[in-house]
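Below are some notes for a colleague who is meeting this structure for the first time. Please read them with the sequence and the model open beside you.

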There are 2 protein chains.
Amino acid sequence: MTETQAATKERPMSTGGDPQGFCLWLTGLSGAGKSTLAELLVGELQHRDLKVELLDGDIVRTNLSKGLGFSKEDRDTNILRIGFVAHLLQRNGVGVVVSAISPYKDVRNQCRAMMGEDFIEIYVNAPLDVCESRDVKGLYAKARAGELKGFTGIDDPYEPPDNPELELRTDALSPTECLAKVLGLLEERGYLR
Amino acid sequence: MTETQAATKERPMSTGGDPQGFCLWLTGLSGAGKSTLAELLVGELQHRDLKVELLDGDIVRTNLSKGLGFSKEDRDTNILRIGFVAHLLQRNGVGVVVSAISPYKDVRNQCRAMMGEDFIEIYVNAPLDVCESRDVKGLYAKARAGELKGFTGIDDPYEPPDNPELELRTDALSPTECLAKVLGLLEERGYLR
């Protein structure tokens, strides 16, 4: 993204006072804190009477991508489906929160291309050893033991965003500090009144 | 559906004057006229400044269900995905038009269960010989020649709805007559001002 694209813009509300839709795309390693932040965001945005939908990578796999595995091709298909649905919602005035590892840069950029400047990429970043030490779901242990193949960060790559709209170091910031930063960005960009 | 459920209701607009979302689910044989009616509906609803999205069975197969075939299980998965996405949109105030053969009653009823009384099932009905004589896409000829297996109406069943909110005989009514009937129903139910 160029600096011009990244520049803060006053965003007019659409006709009839409907809020403008947006997509907060939370990308990062397993255990980086995406789900925690996503839940805080959804609660806060609902509290402000916005239309909000959470598209969580795991939940979406059940409803949209049953049968897909974790090969690069299947991961890309899963992410493009999330992007397709996020875009349908976003262009109808919904604030969409996507929480998905989404490890590959190229397919994240394809989602960005669908939604233009209403796509807000948030790199939820903590060092691998921090994520691994948290290991909320016990998945890193399984990956290290070779029971899970193609696990992002262990034996499958994570490609960080080059120019995310926001990078949050969750090893340094608390969840509520992260929340405040995202809300600040939404306010700057005119998505929140 | 019971008579009580089917009864016309005055539907209050949601907070802030937002229109209430709904899902017009067009089911019927290939060639019955679903796409024609869907396009007329989308144009007319957009003209009335409603938020509208068309979920066309064929388009959705590209974006949500690549890799799925036409077995009963795959068809059901495809329809449930359409229902999942339609519901996300409908509950955010969008008027969703689904155009999909959706031949199996049970899975259509699962979609109805997601959306409750905002699910409006429209049986787009023409006799098989009429659909076959239209054969817009040349699919019936292929199915009769055995080049297409599991084609609805030929070697795969179509289960008509028991109690659709509307049945349109497209061999007797013109597309604009069908359109008028759907708009009339939406008005009766308070979805159109």
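**Notes on the two chains**

1. Strand β4 (residues 119-125) of chain B pairs with β5(B) in the parallel sense over four bridges, where strands are DSSP runs of E of at least two residues, helices are runs of H or I of at least four residues, and both are numbered from the N terminus. Two strands count as paired if DSSP finds at least two bridges between them. Within this pair, B:Tyr123 stands opposite B:Glu167 in β5(B).

2. A word on the basis of these notes: this is a predicted model, in which local features need pLDDT of at least 70 and side-chain atom pairs count only at pLDDT 80 or more, whereas totals for chains, interfaces and linings use all residues. Residues are numbered from 1 along each chain as its sequence is written, while chains are lettered from A and ligands numbered from 1 in the order in which they are written.

3. The pair described in the opening point belongs to an open sheet of five strands in chain B, with the order β2-β3-β1-β4-β5 and parallel pairing. Its edge strands are β2 (52-56) and β5 (166-169) of chain B, each of which pairs on one side only. From one strand to the next the twist averages 20°, angles being taken from 0 to 180 degrees between N-to-C directions, with axes as lines fitted to C-alpha atoms and, for helices, over the stretch in contact. Helix α5 (residues 105-115) of chain B lies across β1 (22-27) and β4 of chain B, and runs at about 150° to β4(B).

4. Chain A likewise has an open sheet of five strands, in the order β2-β3-β1-β4-β5 with parallel pairing, and β2 (52-56) and β5 (166-169) of chain A are its edge strands, each pairing on one side only. Five bridges join β2(A) to strand β3 (residues 95-99) of chain A, and the two run parallel. In this pairing A:Val52 stands opposite A:Gly95 in β3(A). Helix α5 (residues 105-115) of chain A packs on the sheet, where it touches β1 (22-27) and β4 (119-125) of chain A, and its direction makes about 150° with that of β4(A).

5. How do helices α4(A) and α5(A) pack? Their axes are 9 Å apart and the angle is about 15°, and the two helices are therefore roughly parallel to each other; angles under 35 degrees count as roughly parallel, over 145 as roughly antiparallel, 65 to 115 as roughly perpendicular and the rest as oblique. The residues that make the contact include A:Ile79, A:Leu80 and A:His87 of α4(A) together with A:Val107, A:Cys111 and A:Met115 of α5(A), a contact between residues being counted if their C-beta atoms, placed from the backbone, lie within 7 Å. By class, the residues of this contact divide into six nonpolar, four polar and one charged, where Ala, Val, Leu, Ile, Met, Phe, Trp, Tyr, Cys and Pro count as nonpolar, Asp, Glu, Lys and Arg as charged, and the others, Gly among them, as polar.

6. In chain B, the axes of helix α2 (residues 34-47) and helix α8 (residues 175-188) come within 10 Å and cross at roughly 55°, and α2(B) and α8(B) are therefore oblique to each other. Among the residues that meet here are B:Leu37, B:Leu40 and B:Leu41 in α2(B) and B:Leu179, B:Val182 and B:Leu183 in α8(B). The contact of α2(B) with α8(B) divides into eight nonpolar residues, one polar and one charged.

7. Between the chains, the contact takes 13 residues from chain A and 13 residues from chain B. On the side of chain A that touches chain B, the largest share, six residues, comes from α4(A), and by class that side has six nonpolar, three polar and four charged residues.

8. Helix α4 (residues 72-90) of chain A and helix α4 (residues 72-90) of chain B pack at an angle of about 25°, with their axes 10 Å apart, which makes α4(A) roughly parallel to α4(B). A:Val85, A:Leu88 and A:Leu89 of α4(A) and B:Val85, B:Leu88 and B:Leu89 of α4(B) make the contact, which has six nonpolar, no polar and no charged residues.

9. Finally, a rotation of 180° with 0.0 Å of shift along its axis superposes chain A on chain B, with an RMSD of 0.0 Å (by least squares on the C-alpha atoms of residues with pLDDT of at least 70 in both). The two copies are thus related as by a two-fold rotation axis. The same surface serves both copies, as 100% of the contact residues of chain A recur in chain B.

Note on methods
Contact = placed C-beta atoms within 7 Å.
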